[in-house]
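Dear colleague,

My notes on what was found in it follow.

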Amino acid sequence: MTIAVIQFGGSNCDRDSVQALEAMGFDAELVWHEDGLPDDTTGIMLPGGFSYGDYLRAGAMAARSPIMQDVREAAVDGTPVLGVCNGAQIGCESSLTPGAFTTNESARFQCEHVHLRVENADTPWTGQYEEGEVIELPIAHGEGRYEITDDRLEELEGDGRILFKYCDAEGEVSPEANPNGSKHAVAGVTGESDHVAVMMPHPERASLEDLDRTDGQPVLSGFAD
Amino acid sequence: MTAFTATVTVRLKRGVLDPEAATTQRSLERLGFELDDLRSADVFELDLDAEDAEDAADRAEEMAERLLANPTIHDYDVAVAEQE
């Protein structure tokens, strides 16, 4: 089994993602987007970065790369897909997941550690956490504010499709603990099926035991399901 | 075939926060200007050959739907003019 970490022009978390996945025992490889998905792909990660310079909108160009049609087909066939940061923006731009990630409320690039509350612990990406558990992951983005219509967001919440919300260290969701102004403090969301998910915080940056916290490992272990 | 310029204007839907516009407005106010609101928009000018204006508008609209706008957060409009 191989997790394909897809590189677009301007991806920059691709090698970190492979390193984190390999450290957890996964077989992972870098796949240049023009080369198409390898035949033995059993998981797909869309890594962070600034694909195509965030031109037009973050993720807009990469989402129209031909490989994304392969990714959508693989997702329909049940292959786990995880988009992180720029990968999350690409996921929403390509309709793998609902909503859009747009300019932070601060209009600034935010690079910091945040607390996240696990909203649904019954998905491949959150199954090793407890519902309501508070974890800490880094964020690094300028366009991470989750936007969607109020009606649609209520539907997603009702269907358990919100993975994480930004919160404080005690798990309280508040405007102060919301780093980018995301609607309802949403930090991650699943697609039609929960084996497809996107999130703005970086689990791969909190997964190596030599480097501080490993709160992100359970997310990446979703590829094992 | 006739040469047209299709102008596609993409703007955030009403009610969607626009931090860049808010920052721009604050800067204008700091310069002493008075204004009630400021909205920003992206404008794309597309030169294309088409049978008629309707054909040109249809094609520009499809480009807006598929790439230039994100329907989750944007509205857009298309205006077509024959090139001089």
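This is a predicted model: local features need pLDDT of at least 70, side-chain atom pairs count only at pLDDT 80 or more; totals for chains, interfaces and linings use all residues.

Strands of chain A

Strand E6 of chain A, residues 110–118, pairs with strand E7 of chain A, residues 134–141, in the antiparallel sense, and 8 bridges link the two. E6(A) is also joined to strand E9 of chain A, residues 162–167, by 4 bridges, and these two strands likewise run antiparallel. Within E9(A), Cys167(A) is the bridge partner of His115(A).

Two loop residues of chain A

Ala121(A) lies in the loop between E6 and E7 of chain A. Its contacts, leaving aside neighbours within four places in sequence, are Thr126(A), Gly127(A), Tyr129(A), Glu130(A) and Glu131(A). Ala121(A) counts as partly exposed because 17 other C-beta atoms are within 10 Å, a number between the limits of 12 for exposed and 20 for buried. From Ala121(A) to Gly10(A), the C-alpha to C-alpha separation is 33 Å, and the two are 111 residues apart in sequence.

Gly48(A) occupies the loop between strand E3 (41–46) and helix H2 (60–63) of chain A. Is this residue, Gly48(A), buried or exposed? Gly48(A) is buried, because it has 27 C-beta neighbours inside 10 Å, where 20 or more are required. Not counting residues up to four places away in sequence, Gly48(A) touches Asn12(A), Cys13(A), Val84(A), Cys85(A), Asn86(A), Gly87(A) and His202(A). The C-alpha atoms of Gly48(A) and Ser11(A) are separated by 6.0 Å, although these residues are 37 apart along the chain.

Strands of chain B

In chain B, strand E1 (residues 2–12) runs antiparallel to strand E2 (residues 41–50), with 10 bridges joining them. E1(B) is joined to strand E3 of chain B (residues 74–82) as well, through 9 bridges and again in antiparallel fashion. Val10(B) illustrates both pairings: Val10(B) stands opposite Asp42(B) in E2(B), while its bridge partner in E3(B) is Tyr76(B).

Where the chains meet

How many residues of chain B are in contact with chain A? There are 9, and they are in contact with 15 residues of chain A. Helix H1 of chain B, residues 19–30, supplies the largest share of the side of chain B that touches chain A, namely 3 residues. By type, that side of chain B consists of 5 nonpolar, 3 polar and 1 charged residues.

With kind regards

Terms used:
Residues are numbered from 1 along each chain as its sequence is written. Chains are lettered from A and ligands numbered from 1 in the order in which they are written. Two residues are in contact if their C-beta atoms, placed from the backbone, lie within 7 Å. Ala, Val, Leu, Ile, Met, Phe, Trp, Tyr, Cys and Pro count as nonpolar, Asp, Glu, Lys and Arg as charged, and the others, Gly among them, as polar. Two strands pair if DSSP finds at least two bridges between them.
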